[in-house]
Amino acid sequence: MPESYNYNPYSSPSDAVKAELSEIDASIRAAAIFFVISAIGWLMLGTVFALLAAVKSHSPDFADAYEFLTFGRVRSAHLNAMALGWASNIIFAVGLWIMARLCRAPIQHKGILLIAGIFWNIGLTVGVFGILGGDMTSVEWLEIPRYATPLLAFSYTLIGVWGVIAFRFRKGDHVYVSQWYILAALFWFPWLYIVAQVMIIWFPVRGVVQSVTNWWFAHNVLGLWFTPMALATAYYLIPKVLGRPIYSYYLSVLGFWSLAIFYNWAGIHHLIGGPIPVWLISAGIVASVMMVIPVIVVGINHHMSILGMHKQVWRSPTLRFVVFGAISYTLVSLIGSSMALRTVNEITHFTHFTVGHAHHGVYAFFTMIMFGGVYYMMPRLLKCEWPSAGLIKLHFWGSAIGITIMVVALQVGGWIQGMEIKNAEIPFLEIVQNTIPWLKARSVSGIFLTAGHCAFALNFFWMLFAAGALRAKEGPTLFVNKEKENSLVL
Amino acid sequence: MISKSDDTNNSSSESLGSMERAVMQDEQVQDVHAQLMREKEEPVEGFSPVPIVLMFFFAALCFWGGVYLVEHSGGYRWDAYSPDFDPTADAPKPVEISLFDRGAKIYRNQCAQCHQASGNGVAGVYPPLVASSWVTGHPEVVARILINGLNGPMIVNGKSYNGNMPAFGPGGLGLKEKDIAGVITYIRQEWGNAAPEMSEQMIAEYSSKYNSRSTPWSSNELKQDLGPIPEAVPTDDNTLDAEETAEL
């Protein structure tokens, strides 16, 4: 330790910033912990729905005694529990926390944020039970019945506005790349959600415009809500943990604006072959391929930032998850761009390949980065360390192996399925039967993921309820031996 | 680890109040702060330039996007659904109006002032076209009149006329060949006239023969040096009719 080191927080500019950060952490603590608890609750519930749906897809007789457990309802309940329950709650927690920290602006009315968060989760509970009860709409990604959606939209406004307010009262001249992504996404999501609700559910537009709106919405939830939030988290955590700057400001700018310009068009590639004016589909295809630009740019920016520090990445629970997610972002996006090409899409459309792709994006990319965000954020909020490195390890390997099995199984199986569907010689029922081994592999992957999620939840609640006892622990929880731990400053 | 002895921060804590000093020295608070102090600085960005190769690659990608849109956008039509739709191949052909209808229109605009809509002309000046052998006879005669004009007296159906017929060929009012063919077809087939039509092909031949002539014809000249009457070329309609009849 250097001689001049002084832990009076007011003695140096950098320490003053840290004292400020502590104040900001305190301002968002209650709401963020509530959002993480809700997110983990939805993650576990969504996992149960996912397992049910996965097993039903190869063994249709499984748990078929109750109407609310039929495949159609359980699948949609899974989608909404994960997209709006797990993903959006964890975005509210991690995204708002990063935003407040980078703006160096404490959340002013934390009570309103907490109450709005409670209403978001009430609305979602009503919605998911509505789906299970048979009230779901027929529109994919918008299945939540209309009696729950206005509450969701309203409470979102009261949650998202705090990120915007933090930005308004930010300190410092430079706006960091994470702030761009979070600020933009806080506007993009309500725009998408409200336009889709109005044009499809409340005042339905005519004919194919509905399906255009539907896929514009569904794909943009991934690209303009999950993706920017996950990228913002990666952009914050990689330099934060490693203590070195992000490689290039110029690449950040190029990556942000190319995503903002192109992504919004991409969703229409879901309608290739449909009765949509062909120019609209072609524009969607071109935009999907253009997504190669932000993906390569972000990939290079992240890669160059961690270059030479792979050991630290591997040791840090946060970065191991974040880097897994960042690599997945490059992979899933390049696969996605090629899937938008007509020749490839003719094979992958209407097969399990697409399902594998969706999980590749939402899980291997988004969710893994957000796990990393939780592993970094929670010790700061609770002022204690993660109780068990073993459980974090179990979480990482459960998730990493599980999602790898799932993506490989569904994409290989889906490709074979697509080739067989194009071959008129093969009877349809035979094709369906040929998918069964791959679907069973997916159920196996579900067991790995469930194990990982249980380890995560266990570690989290252990930390939450035993925070006082864990407080005295010195040094961060890392993936290294005790004796080595002291040499590592993190 | 952070040393927790009081000596190290004595000097700086002099500026703080005693309460704050007491807080800062509290062991538990120090523990909590240790985590915060361990944190690295807030992230910043470096300013490494974008690799130039990347810019060329992205430019190529944008170029491909433009070409793809041009090739597969179906002319931005709302009713084009196939990616291979070629907006130029399927463009609606201009409606083909028959020579007779074309001629009727020209006649109303250019001829009816003198020869009248009824085709009966004006006594003594403008000869009638109805049942006139000048009109329904040898096609070359009427073509000569239209292309080069006609001056001086002429006898039609036993009555004498003396007027000025202007030239409608390139040396005169400059009607298109198609229009001349149309108007001749019209006057040869309207009002009970029943002569064969004047095809475009025929008028093209007469034009090449007479376009260079600069003076109008006189009625005497008209019937001299006539070529053979060309055989009527069967039109598409005729062949269709023939086929239909054959099938019947």
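In chain B, strand β1 (residues 150-156) and strand β2 (residues 159-165) pair in the antiparallel sense over seven bridges. The model is predicted, and the predictor gives the complex an ipTM of 0.85 and a pTM of 0.75. Chain A, by comparison, has 18 helices and zero strands.

**The hairpin of chain B**
- Two residues lie between the strands of the hairpin formed by β1(B) and β2(B).
- In this hairpin, B:N157 takes a positive phi near 50°.
- Across the strand pair, B:N151 stands opposite B:N164, which belongs to β2(B).
- In general, the side chains of a regular strand alternate between the two faces of the sheet.

**Domains and confidence in chain B**
- The domain assignment divides chain B into domain 1 (47-92) and domain 2 (99-228).
- The C-alpha centres of these two domains of chain B are 56 Å apart.
- Chain B has a mean pLDDT of 77, and 78% of its residues reach 70 or more.
- The pLDDT is below 50 over residues 1-16 of chain B, a stretch that has 21 contacts in the model beyond near neighbours in sequence.
- The pLDDT is also below 50 over residues 234-248 of chain B, where the model has one contact beyond near neighbours in sequence.

- B:Y210 is found in helix α9 (residues 200-210) of chain B.
- B:Y210 counts as partly exposed because 18 other C-beta atoms lie within 10 Å, while a buried residue needs 20 or more.
- Leaving out residues up to four places away in sequence, B:Y210 touches B:R144, B:I147, B:N148 and B:G169.
- B:Y210 and B:R144 are 66 residues apart along the chain, yet their C-alpha atoms are separated by 7.2 Å.

**The overall form of chain A**
- The C-alpha trace of chain A spans about 80 × 45 × 45 Å along its principal axes.
- The radius of gyration of chain A is 23 Å, which agrees with the value near 23 Å for a compact globule because that value is set by the 490 residues.
- Of the 490 residues in chain A, 54% are buried.
- Among contacts in chain A with a separation of 6 or more, 82% are between residues 24 or more positions apart.

**Helix α9 of chain A**
- Helix α9 (residues 292-306) of chain A has 15 residues and reaches 21 Å from its first C-alpha to its last, close to the 21 Å expected at 1.5 Å a residue.
- The buried residues of α9(A) include A:I293, A:V297, A:N301 and A:S305.
- An α-helix has 3.6 residues a turn, so residues three or four places apart point the same way.
- Within chain A, the buried residues of α9(A) pack against α6 (208-242), α7 (249-266), α8 (278-290), α10 (310-315) and α11 (317-339).
- These buried residues of α9(A) also pack against α4 of chain B.
- Just after α9(A), A:G308 takes a positive phi of about 85°.

**A:F129 in helix α3 of chain A**
- A:F129 has its place in helix α3 (residues 110-132) of chain A.
- A:F129 has 14 C-beta neighbours inside 10 Å, so this residue counts as partly exposed.
- A:F129 and A:F68 are 61 residues apart along the chain, and their C-alpha atoms are separated by 9.2 Å.

Conventions: Residues are numbered from 1 along each chain as its sequence is written. Chains are lettered from A and ligands numbered from 1 in the order in which they are written. Domain bounds come from an automatic or database domain assignment. Two strands pair if DSSP finds at least two bridges between them. Helices (H or I, at least four residues) and strands (E, at least two) are DSSP runs, numbered from the N terminus. The radius of gyration is taken over C-alpha atoms; the globule rule is 2.2 Å times the number of residues to the power 0.38. A residue is buried if 20 or more other C-beta atoms lie within 10 Å of its own, exposed if 12 or fewer, and partly exposed in between; C-beta atoms are placed from the backbone. Two residues are in contact if their C-beta atoms, placed from the backbone, lie within 7 Å. pLDDT is the predictor's confidence in each residue, from 0 to 100. The expected span of a helix is 1.5 Å times one less than its number of residues.
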